[in-house]
Amino acid sequence: MFCDLSGYTALNEAFDPEEVEPIMSRIKADATSIVEAFGGLVNQFVGDEVMALFGIPVAHGDDAVRAVLAAQRLHRALDPLAADVLARSGMHIALHTAINTGLLLGRRRDDREGRYTITGDAVNTCARLLKLAGPDDIVVGASTRRLLAARFETVALAPARVKGKAHPLTPYRVIRERSSDERARAEQSQRRRFVGRAAELRRLRELVEAVAQREGGRALYVRGEPGIGKSALVSELRHIAREQGFTCCAAQVLDFGVGRGRDAMSALCASLLDIDASQADEQYRRTAIDEAVDAGWLTPAQRAFADDLLALPPRDELSAIYEAMDDAARRLGKQQTLADLVCRRAETERLLLVVEDAHWADAQTVGYLSQLSRLAAEGAAQLLLALTSRSDDEPLARGLELPAETTTTIDLGPLLADEARALCHELQADDAARCIDRAGGHPLFLEQLVLSAELDADGDAQSVPGSIEAIVLARFDKLPKQDRDGLQAAAVLGQRFALDALRWVSGDDAFSCDTLVSRDLVVAEAADYRFSHALLQEAIYGALVLARRRAMHQRAAEWFASRDLALTAEHLERAEDEGAPHAFLQAARERLRQLSYDD
């Protein structure tokens, strides 16, 4: 992300240096705090320009979204400064930002600040995009735009020829973030027929039916790796529940950029109070709380806690009492207020609460979720609570309580072959067989491969789609260094590999695949191992620095030299070794002796 100040030259002409310096210091301080809040890193300041990185050194899986949200907040943070400069001089200053996505080479600079020397075409393209951005514009490249399509509305600007590019460059201006209601409506309007997961759907229908018949509250806990279909399954649960007359309230736990009033429990409270998420007006929200009190959903004494949940300042008549409480009393009061709101509503209507991504939940949110699960178990007969989490059970390790007698746990695995074919049919895929083979039963991988094939002008989907690469590299970055090195060596060897070959290529004679197996990255098969998904291997291989890739292929060639002439030649070719043609000739002669004429 490059962010630049429009009007900087004129500012220096109109103001003395000692007046410009505090303005730029404020912008730099805001940039640092905002970028870091969204998981990024301000890499350097050059004059009035900020260069920030997302996904380096650790990928998060949604770094493009993080970058745009950070840019929007940084633009808003300039407003008070811009208004002051306008009042003092009549000058207009504004930020303009460019964001681009791609594979970069980052080397740590020896300055003890954790900064990087960054090279790659994505950097050069981003710098060109910045020159095409107008004041207050946030523009993104084509690769970034695809990663943002579900979250942000963008518009294509006029293509422009820029230095160093053979073809015109098209910038896409970010117009706005889509509201949660808009995303939900778009999801509903574009809703495909749900395919596969027949056994899981039966369990969902049984849960909904049990709550509808007042057989007691229930909790549902859906676990699975990123992209395996957790969100799709709970989306189908919402559809089933609505058909049975349930009121559906939903929230998502975020791992970054959680401003006051934007956390999952605040969002859930707003949904339970029927507050339109796009409405930020303070009086509108207070009125919703007052109406809840009039309806008997809350007591008058709980107004202050509801205000706090919705990030509203305490009312005059309650502020002194609320401020006199200690923090523990306020937390307990808010937790009880949300619980009472759920109970009161569940007395008169069927209620489905969905909280996604519980693996990001902090201790306070875990406390809320535990209390809601106890409500489903003990009191609220018409309540169905649904939680999704990754398969590492982080919420349970942090104390999430899910009563076993009323909780149904579903562990999602890969799609079966006929389910994958049905999904391809629903997506109207032209090249279903190849996509199914590459996806390995992973629904997100499969869907993204099909969509990438549609987006590719040549109709070819040989590269790994960016959304999948982000997920894979996010998992990769969380591994210890020894396992990262081993996984890269495995990617060089291919989809299937032997442990002794892996140890040779990695240079680690004692390497064990136990961690990779436990993380579902590789699978043990007889004496060998294989990647759990072909796209895992492709994404990790594609992210290898070229020099390291060549060196590993060279070591692989050494390993196979006395074992397999054909593999020796192939690794030498990928190592760009001058001995590759001779190795291919030797392999061809061996195949002739074996009468393998096709080979």
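Because the model is predicted, local features need pLDDT of at least 70 and side-chain atom pairs count only at pLDDT 80 or more, while totals for chains, interfaces and linings use all residues. Residues are numbered from 1 along each chain as its sequence is written, and side-chain values use heavy atoms, with hydrogens and water left out.

**Whole chain**

The chain has 27 helices and 17 strands. Helices (H or I, at least four residues) and strands (E, at least two) are DSSP runs, numbered from the N terminus. Of the 599 residues, 47% count as buried. Buried means under 20% relative accessible area, exposed over 50%, and partly exposed in between (1.4 Å probe, protein chains only). The accessible surface is about 28900 Å², and 48% of that belongs to carbon and sulfur atoms. Areas come from the Shrake-Rupley method with a 1.4 Å probe; for residues, only the protein chains shown count as cover. Among contacts (heavy atoms within 4.5 Å) between residues at least 6 apart in sequence, 68% join residues at least 24 apart.

**Strand β10**

Strand β10 spans residues 218–223; 6 of its 6 residues are buried, so the rest of the structure largely encloses it. In a regular strand, side chains alternate between the two faces of the sheet. Arg218, Leu220 and Val222 are buried on one side of β10, and Ala219, Tyr221 and Arg223 are buried on the other.

**Helix α13**

Helix α13 covers residues 316–324, and Leu318, Ser319 and Tyr322 are buried in it. They span an arc of only 120° around the axis, which puts them on the same side of α13. The arc is taken over the directions from the helix axis to the C-beta atoms. The face turned away carries the exposed residues Glu317, Ala320, Ile321 and Ala324. Cover for the buried residues includes α12 (303–309) and α14 (327–348).

**Surface patch**

Leu592, Leu595 and Tyr597 form a nonpolar surface patch, with about 370 Å² of accessible area together. Patch residues have over 30% relative accessible area and no salt bridge; like charges are joined within 9 Å, nonpolar side chains (Val, Leu, Ile, Met, Phe, Trp, Tyr) within 5 Å. A salt bridge is a side-chain nitrogen of Lys or Arg within 4 Å of a carboxyl oxygen of Asp or Glu. Leu595 lies in the segment after α27 (580–593). Its relative accessibility is 56%, so Leu595 counts as exposed.
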